[in-house]
Amino acid sequence: MSKTEICEAEEVDSFSRDRGSHLDAAIADNKKRPKRHKYQWRAFLWLAIPLAFLLVFSYYPPIKAFFDSFTDTRFNSATKGYETVFVGVSNYAEIFQDPVFWVCVKNVVIFTLFGMVFGNLMTIFLAELLYNLKSKKLSAFFRVLFIVPILVPSLVILLIWKYVMFGSTGLMNSIVTAMGGEPQLWYWSSVDAVGKFAILFTNFPWVAGTSFLIYLAGLQGISNSVVEAAKLDHCSVWKRIWKIDIPLIMPQLKYFLVMGVIGGFQNFDLQLIVVGAETDATNVLGLYLYDRAFGSGYVAPEGMLIRPRFGYASAVGMIILVITLILTVLNMSLNREKKPKKVKAGKGTKA
C-alpha cells in the first residue's frame, strides 16, 4: 500500500472510533436520564388546575342554563311561596310568541351589522392613514393618541355620551336647536329612528384602540418588496389597498368579524347604562334576558309581587347561543381560504 492509502485508512479508522465513542456516550447518557412518562403526571397536574376552573366557570353555567331553560318558577298556594317546576318547551314557545323578542332580534341585527361594517371600515381606514404617514414622529404621536382612550373606563365614556352629547342640554340638542329644530329625547325618544340613531352614533368614530393596533401591525407586517412592486406597476393607492392590503390583513379581519357577531348578540351594556329600560327602538336580546332574570321579570297572575323568571331567561340565553354559533360557523365557512385544486397530469404531460 502507498503512503496515501495508509493515511486514508488511518483517518477512516480514527473517524469510526470517534463516532463509535460518541454513540456509546449518548446511549449511556440516555440510560442515566429518567424516563419522561414517570414525570408526565406533573404536567397533567398543572393542566388540571386551569381545566377545573374552565369546567366550573365556562362549561358548567351553559350546561345548567340548558336544563334550567325547561323549568319555570310557579306559585305554590299550599306553601304560599314560589317553586321551580318542569315545564318542557313552554318557555321556548312563549319566547317565539312574544313580539318584544322579535323587536329585540331586529334591533340586534341592525346594531350588529352597523358595528361590523362601520367599525371595521373606520378602523382600517385610520390604520391605512397612519401606515402611509411618512413622518415617524407624527406616526408615533397619532398612535398614542388613539391608544389613550383605552385607559378611560368604558362606563365613563358611555356616561359622557349620555349626559354631555345626548342629554337634554347636551351638544346634539344644541346643534338641533341652532338649526331651528326641537330638542329630542334621543335614547328615550318614542320615535324609533331617533332612538336607533342615538345608539348607532354613540362611540363615534367607532374606532377601538386594540383593533386599531392589530390592523396597523398587520399592515406594517406587509413586505416592502410587495409595496415596491405595486409602485413599479403604477398601482393606485385604492387599488393597492383593495388588492394587496385587505387580502394580507384578512386573518385579522376574520377575527374581528367573528368577535363582532358574538359581541353584537351578547352585549347590552350600552342599553343598560344609557337607556336603563326596555324601549322598542333600543331593546336588544341581552337586555331582554337580563330584565327577565334580574329586572322586572314577570307579573304573576296571582297578583303578587313581580317575580324573576330564571328558566325563561335561560331559554333566551340558549337561543342567543344557538344563533351566535350558527352565524359564527357560517361566517368562518364563507371566509375560509380555498385551497388551489391540484391539476391531474394528462397522458401527454409529465407529472
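## Ground rules

The model is predicted: local features need pLDDT of at least 70, side-chain atom pairs count only at pLDDT 80 or more, and totals for chains, interfaces and linings use all residues. Residues are numbered from 1 along each chain as its sequence is written, and side-chain values use heavy atoms, with hydrogens and water left out.

## The largest pocket

The largest pocket holds about 1600 Å³ of space. Its lining has 44 residues; G115, N203, W206, A208 and N267 are the closest to its centre. A pocket here is an open set of points on a 1 Å grid over the protein atoms alone, where a 1.4 Å probe fits, with protein on both sides within 12 Å along at least five of seven lines; lining residues have an atom within 4 Å of a point. The volume is the space filled by probe spheres set on the points, which are joined across faces, edges and corners.

Elements giving two or more residues to this lining include α4 (99–131), α8 (192–201), α9 (209–220) and α12 (250–266). Helices are DSSP runs (H or I, at least four residues), numbered from the N terminus. α4 gives the most, with ten residues. By class, the lining has 27 nonpolar, 16 polar and one charged. Ala, Val, Leu, Ile, Met, Phe, Trp, Tyr, Cys and Pro count as nonpolar, Asp, Glu, Lys and Arg as charged, and the others, Gly among them, as polar.

## α4 against α12

α4 and α12 pack at about 150 degrees, with axes 9 Å apart. Axes are lines fitted to C-alpha atoms, for helices over the stretch in contact; angles run from 0 to 180 degrees between N-to-C directions. The two helices are therefore roughly antiparallel (over 145 degrees). On the α4 side, the contact (heavy atoms within 4.5 Å) uses V108, T112, M116, N120 and I124.

## α4 against α11

The axes of α4 and α11 (residues 237–248) come within 13 Å and cross at roughly 100 degrees. That makes the pair roughly perpendicular (65 to 115 degrees). I124, E128 and Y131 of α4 meet R240, I241, D245 and I246 of α11. The contact has four nonpolar, no polar and three charged residues.

## The loop between α8 and α9

N203 lies in this loop. Its phi is positive, near 70 degrees. P205 is in the loop between α8 and α9 too. A cis peptide bond joins F204 to P205, with omega about 10 degrees. Most residues other than glycine have a negative phi, and most peptide bonds are trans.

Methods
Angles under 35 degrees count as roughly parallel, over 145 as roughly antiparallel, 65 to 115 as roughly perpendicular and the rest as oblique.
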